Amino acid sequence: MQVRPVIACVSLLAGALLAVSGTAAQAATAASSTLYVSPSGSDSAAGTQSAPTTLTSAIGRIAPGGTIYLRGGTYTYTSTITIPAGSNGTSGARTTLTAYAGEKPVLDFSGESDGSRGIQLNASYWHLYGLTVEHAGDNGIYVGGSDNVVERAVTAYNRDTGLQLGRIASTTPSSQWPSNNLIVSSESHDNKDSTGENADGFASKLTTGTGNVFRYDVSHNNVDDGWDLYTKSATGPIGPVTIEYSLSYGNGTLSDGTQNKNGDRNGYKLGGDDIAVDHVVRHDIAYDNGHHGFTYNSNPGRMTVSNNVSIDSVQRNFSFDAGSSVFRSNTSCRFKVSGSNDKTVGDADGSNQFWTGTNGSRCSSYSGALGWSFTSSGSLAVTFGGKVVTP
Ligand SMILES: [Ca+2]
Ligand SMILES: [Ca+2]
């Protein structure tokens, strides 16, 4: 309650600044809800452009639907930054935590001890944009809330999975597991836990609800898997996840060449403990992963597996030994890694070109060197030999 007068003061200033270029409606929203954060900010500062505050102070002060701007530079932290449950935006106006336009805030958690996460997003209806989160003692970003958007994030060099969704606490009932989150236009790479068997790029596993979506994301060179949708008997099925228009490559080998014998090394790992979940996996590319490209991993459900491309996996490009998944228009190619034939138990028709010793006609589009970038709109452009592919 003590901070209320400060907010009012800040709001007047922010409103005056934004009114120049914004509409009246935008200015009215920003008028009670804009804060600026910089690496040199202090907790007690007003949070204006000229007197920026700290991220933890801003999280405690921002109004629902407001915007926190993070100026560029490196922020060093020694403990988790939590956006607490209940500090929600609204369905009509998410609370936004965003990189200041044209700047790159890097949140460096090197000083954390093992087991401490970077950002813990327990609230709902937030929009995180443009954050780089590195070297956390556990997950870089952990999403326990619902209806959030994480956009243009980079999670790298963390000591567990880069970006993970899961319940807030062991006491959280399944009805409150994180749901309807969108992870979009984000990159996760070189995450590595000390055992070498847990750190994936992205994970919606163990305790996640329905409606979570990954779109236009890139996961590469993580010690374990690119994506992991693991389920286990103790906690039961998770909600179906959608992974689309994304890329997973080089998992099982870090960018510096490091491997760990415990790494699972799959591009997309889609299950666990023989529990059926009907995930949707479409328009995705797996390239040069250390085990399977796409694997059901004992998920016997009816997954939608369509328009994916898998190339040069060390084992199978597509590995589905059981279940009733529906396979359409998938493409499997080998150029330099021999591997094993695909196995696709379920409903697979002639639109697929699975690998059983030779490349199909569509493989000619995937023979060159891999490249990728995000377009200005945030979609993912993947190229082979310099040519954009759109599987
Ligand atoms: Ca593992
Ligand atoms: Ca994993």
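A nonpolar core is a set of buried Ala, Val, Leu, Ile, Met, Phe, Trp, Tyr and Cys residues joined through C-beta atoms within 7 Å. A residue is called buried if 20 or more other C-beta atoms lie within 10 Å of its own, exposed if 12 or fewer, and partly exposed in between, with C-beta atoms placed from the backbone. In the largest such core, which has 73 residues, Val37, Ile68, Leu121 and Ile141 touch the most other members.

This is a predicted model, in which local features need pLDDT of at least 70, side-chain atom pairs count only at pLDDT 80 or more, and totals for chains, interfaces and linings use all residues. Residues are numbered from 1 along each chain as its sequence is written, while chains are lettered from A and ligands numbered from 1 in the order in which they are written.

**Confidence**

- The mean pLDDT (the predictor's confidence in each residue, from 0 to 100) is 93, and 92% of the residues reach 70 or more.
- Over residues 1-32 pLDDT stays under 50, and the model has 29 contacts beyond four places in sequence for this stretch. Two residues are in contact if their C-beta atoms, placed from the backbone, lie within 7 Å.
- Where pLDDT is low, the predicted coordinates should not be read in detail.

**Overall form**

- The protein contains three helices and 33 strands. Helices (H or I, at least four residues) and strands (E, at least two) are DSSP runs, numbered from the N terminus.
- The radius of gyration, taken over C-alpha atoms, is compared with a globule rule of 2.2 Å times the number of residues to the power 0.38. For 391 residues a compact globule would have a value near 21 Å, and the protein, at 22 Å, agrees with this.
- The C-alpha trace spans about 70 × 45 × 40 Å along its principal axes.
- Of the 391 residues, 51% count as buried.
- Among contacts between residues at least 6 apart in sequence, 65% join residues at least 24 apart.

**The core**

- In soluble globular proteins, nonpolar side chains tend to be buried together.
- Beyond residues up to four places away in sequence, Val37 touches Pro52, Thr53, Thr54, Leu55, Ala58, Ile68, Tyr69, Leu70 and Arg71.

**The ten-stranded sheet**

- Ten strands form an open sheet with parallel pairing, in the order S3-S6-S9-S12-S15-S18-S21-S24-S27-S29. Two strands pair if DSSP finds at least two bridges between them.
- Strand S3 (73-76) and strand S29 (331-333) stand at the edges with a single partner strand each, so one side of each has no neighbour in the sheet.
- From one strand to the next, the twist averages 10°. Axes are lines fitted to C-alpha atoms, for helices over the stretch in contact, and angles run from 0 to 180 degrees between N-to-C directions.
- Strand S6 (residues 105-108) runs parallel to strand S9 (residues 132-134) and is joined to it by three bridges; Val106 stands opposite Thr132 in S9.

- Strand S5 (residues 95-99) has Thr95, Leu97 and Ala99 on a covered face, and Thr96 and Thr98 on an uncovered one.
- In a regular strand the side chains alternate between the two faces of the sheet.
- S5 pairs in the parallel sense with strand S2 (residues 67-70) over four bridges, and Ala99 is the bridge partner of Leu70.
- Four bridges also join S5 to strand S8 (residues 126-129), again parallel, with His127 in S8 as the bridge partner of Thr96.

**The three-stranded sheet**

- Three strands make an open, antiparallel sheet in the order S31-S32-S33.
- Strand S31 (370-374) and strand S33 (387-389) are the edge strands, each pairing on one side only.
- Neighbouring strands of this sheet are turned by 40° against each other on average, direction ignored.
- S31 and strand S32 (residues 380-384) run antiparallel and share five bridges; Trp372 has Val382 in S32 as its bridge partner.

**Two buried tyrosines**

- Tyr287 lies in strand S24 (residues 285-287) and counts as buried because 25 C-beta neighbours fall inside 10 Å.
- Leaving aside neighbours within four places in sequence, Tyr287 is in contact with Tyr249, Ile311, Asp312 and Leu370.
- Tyr157 is found in the loop between strand S12 (154-156) and strand S13 (163-165), and counts as buried because it has 20 C-beta neighbours inside 10 Å.
- Not counting residues up to four places away in sequence, Tyr157 touches Glu134, His135, Asp190 and Asn191.
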